[in-house]
Amino acid sequence: MMWFHKHKVEFTDGVIDLIPLRLYPPEEEMGFGRNYDYMIVEHGQRTEAGRISLRLGESECVYYFGHIGYHVDPPYRGHYYAKRACELLRPLILLHGKESVVITCDPDNWASRKTCIRLGCELERTVDVPKRIQTRWLISERKCRYIWRMNSPMDID
């Protein structure tokens, strides 16, 4: 169980806040490298609306999981919180010298695909996830790979 009141807001846009979480590090075998995990909350609140992770490593797992992973809980969907959370991570991505990052999602996850489009991402390709990765880490069999270039213009809501 987490005690959220001990965590301070690290990023905010006045609509949502990102509060850093102290989670167990991912398995080294995944090759996620430096990993930042945040709770997404509505501004000034402490009730979790979702989560976002930034993985700075380069590995076969990052190829399928992406550098950024997020989810927004059902009661909070429809407010562009995932897009906002990604935008809030842009300075951290740039701080680590990344010119682009990958966001992956299932082909039938239209909400996530729209988030990528709103961010200005380009669909690189849809890939089959190897069976050994699917079964080892319980990941879907196909992923859309979107490239988010840090110098790309973002869509306006």
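Let's start with a pair of charged residues: Lys-83 and Glu-87 form a salt bridge, with their closest N and O atoms 2.6 Å apart. Both residues belong to helix H2, where they sit four residues apart, about one turn of the helix. Please keep in mind as you read that this is a predicted model.

Glu-87, with a relative accessible area of 22%, is partly exposed.

Across the whole structure, a search finds eleven salt bridges.

## Strand E8 and its partners

Next, turn to strand E8, made of residues 142–149. Six of its eight residues are buried, so the strand is largely enclosed by the rest of the structure. Strand E6 (residues 100–105) pairs with E8 in the antiparallel sense over six bridges, and you can find Ser-100 opposite Arg-149 of E8. Strand E7 (residues 122–128) also pairs with E8 in the antiparallel sense, over six bridges. In this pairing, Glu-122 stands opposite Ile-147 of E8.

Charged side chains link up here too. Asp-128 and Arg-142 form a salt bridge whose closest N and O atoms are 2.4 Å apart. Asp-128 is in strand E7 and Arg-142 is in strand E8, so their bridge ties together parts that are 14 residues apart in sequence. Asp-128 is exposed, at 51% relative accessibility, while Arg-142 is partly exposed, with a relative accessible area of 33%. Elsewhere in the model, a network of salt bridges links Glu-124, Arg-125 and Arg-145.

## A buried aspartate without a salt bridge

Asp-37 makes an interesting stop on the tour. This residue is found in strand E3, which runs over residues 35–42. Asp-37 is buried yet has no salt bridge. The nearest side chain of opposite charge belongs to Arg-55, 6.3 Å away, and a salt bridge would need a nitrogen and a carboxyl oxygen within 4 Å.

What does the side chain of Asp-37 make a polar contact with? Its partner is the side chain of Ser-53, at 2.4 Å. Leaving aside neighbours within four places in sequence, Asp-37 is in contact with Ser-53 and also with Ile-19, Pro-20, Leu-21, Leu-23 and Ile-52.

## Pro-26 in a loop

The last stop is Pro-26, in the loop between E2 and E3. At 26% relative accessibility, Pro-26 counts as partly exposed. Beyond its neighbours within four places in sequence, Pro-26 is in contact with Phe-32 and Asn-35.

To place this proline relative to another part of the chain, look for Val-127. Pro-26 and Val-127 are 101 residues apart in sequence, and their C-alpha atoms are 23 Å apart in space.

Methods. Residues numbered from 1 in each chain as written. Predicted model: local features only at pLDDT ≥ 70, side-chain atom pairs only at ≥ 80, totals over all residues. Heavy atoms only, no water. Helix = DSSP H or I, 4+ residues; strand = E, 2+ residues; numbered from the N terminus. Buried < 20%, exposed > 50% of the residue type's maximum accessible area, 1.4 Å probe, protein only. Lys, Arg positive; Asp, Glu negative; His and termini not counted. Polar contact = N/O pair within 3.5 Å; in protein donor to acceptor, adjacent residues only side chain to side chain. Contact = heavy atoms within 4.5 Å. Pairing = 2+ DSSP bridges.
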